Amino acid sequence: MKLFGKHCAGMLAILAFPGMVICADITLPPPQTKGGQGIFTLLKSRHSSTPADFPLKNISAQELSSLLWAATGQNRSPRGWTIPLAMNTASYNKIYVLDDSGVYWYYWKQNRLIRISDKNIKNGISPQNIVGKSPVVLVFVSGSNIKKEYVYTTTGAMTQNIYLAAESLGIGGRFVMTMNEKAIRERLKLKTDEYPLNLMLIGKK
């Protein structure tokens, strides 16, 4: 079993993504940036999985890395992004990754998951029951002191990119706007000027 993080706090414990042991932080494998179906094929087949047929199998660390890169990746490094941003600036939004083993913040510069908590907080962050059942929940949060029109434009681009990448990888996704903002704020320990924008549910058949 490959260990992606360099340092593990305490004893080996919890499995989150297949082939990955959870530790303090997790360095993800390089994302897939080539291959897949053509963009027009993906646009035609791209869809949102319904709660009734939402796929509940977990995704791999490689697949998660590819989805997160699609959302925030530098595609013409060191300048140029997969989403519309002022050139060579940090992403306007943050992505938190929730699964049964805990909560992580995605640090795009190192393609790394920074562990925030070892608690499963998926239940209670939305009135939609499927959120708690989803293998992976991505929480999109605004950065500090960023104009609202910027963060909403950015989160739309991020989630659309994830939809397209997920379709190419055979992964199901669902965009969710109905959230318990108070619960999310408390559990993610958000700053006063940070606020949750939307959720993205991820699962595989």
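This is a predicted model: local features need pLDDT of at least 70, side-chain atom pairs count only at pLDDT 80 or more; totals for chains, interfaces and linings use all residues.
Close-up 1. Helix α5 spans residues 181-188, and its buried residues are A183, I184 and L188. Look down the axis of α5 and these buried residues fall within an arc of 110°, so they line one face of the helix. What sits over them? The cover on the buried residues of α5 includes the strands β2, β3 (102-107), β5 (136-142) and β7 (196-204).

**Close-up 2. The other face of α5, and what comes after the helix.** Turned away from the buried side of α5 is a face that carries the exposed residues K182 and E186. Following α5 you'll find K189, and its phi is positive, near 55°.

**Close-up 3. S91 in its loop.** S91 belongs to the loop that runs between α2 (61-72) and β2 (93-99). Is S91 buried or exposed? Its relative accessibility is 14%, and because buried means under 20%, S91 counts as buried. The side chain of S91 reaches the backbone oxygen of N93 at 3.2 Å. Skip the neighbours within four places in sequence, and S91 is in contact with T72, W81, I83, L85, W108 and M158.

**Close-up 4. The largest cavity.** Searching the whole structure turns up one cavity of 30 Å³ or more. The largest cavity has a volume of about 40 Å³. Its lining is made up of R46, H47, S49, Y163, A166, E167, I171, G172 and G173. Which elements give two or more residues to that lining? They are α4 (148-169) and β6 (171-176). Sorted by class, the lining of the largest cavity has three nonpolar, four polar and two charged residues.

Note on methods: Residues are numbered from 1 along each chain as its sequence is written. Side-chain values use heavy atoms; hydrogens and water are left out. Helices (H or I, at least four residues) and strands (E, at least two) are DSSP runs, numbered from the N terminus. Buried means under 20% relative accessible area, exposed over 50%, partly exposed in between (1.4 Å probe, protein chains only). A polar contact is a pair of N or O atoms within 3.5 Å; within protein, one must be able to donate a hydrogen and the other to accept it, and residues adjacent in sequence count only if both atoms are side-chain atoms. Contact means heavy atoms within 4.5 Å. On a 1 Å grid over the protein atoms alone, a cavity is a set of points where a 1.4 Å probe fits but cannot get out, and a pocket is an open set with protein on both sides within 12 Å along at least five of seven lines; lining residues have an atom within 4 Å of a point. Grid points are joined across faces, edges and corners, and a volume is the space filled by probe spheres set on the points. Ala, Val, Leu, Ile, Met, Phe, Trp, Tyr, Cys and Pro count as nonpolar, Asp, Glu, Lys and Arg as charged, and the others, Gly among them, as polar. The arc is that of the directions from the helix axis to the C-beta atoms.
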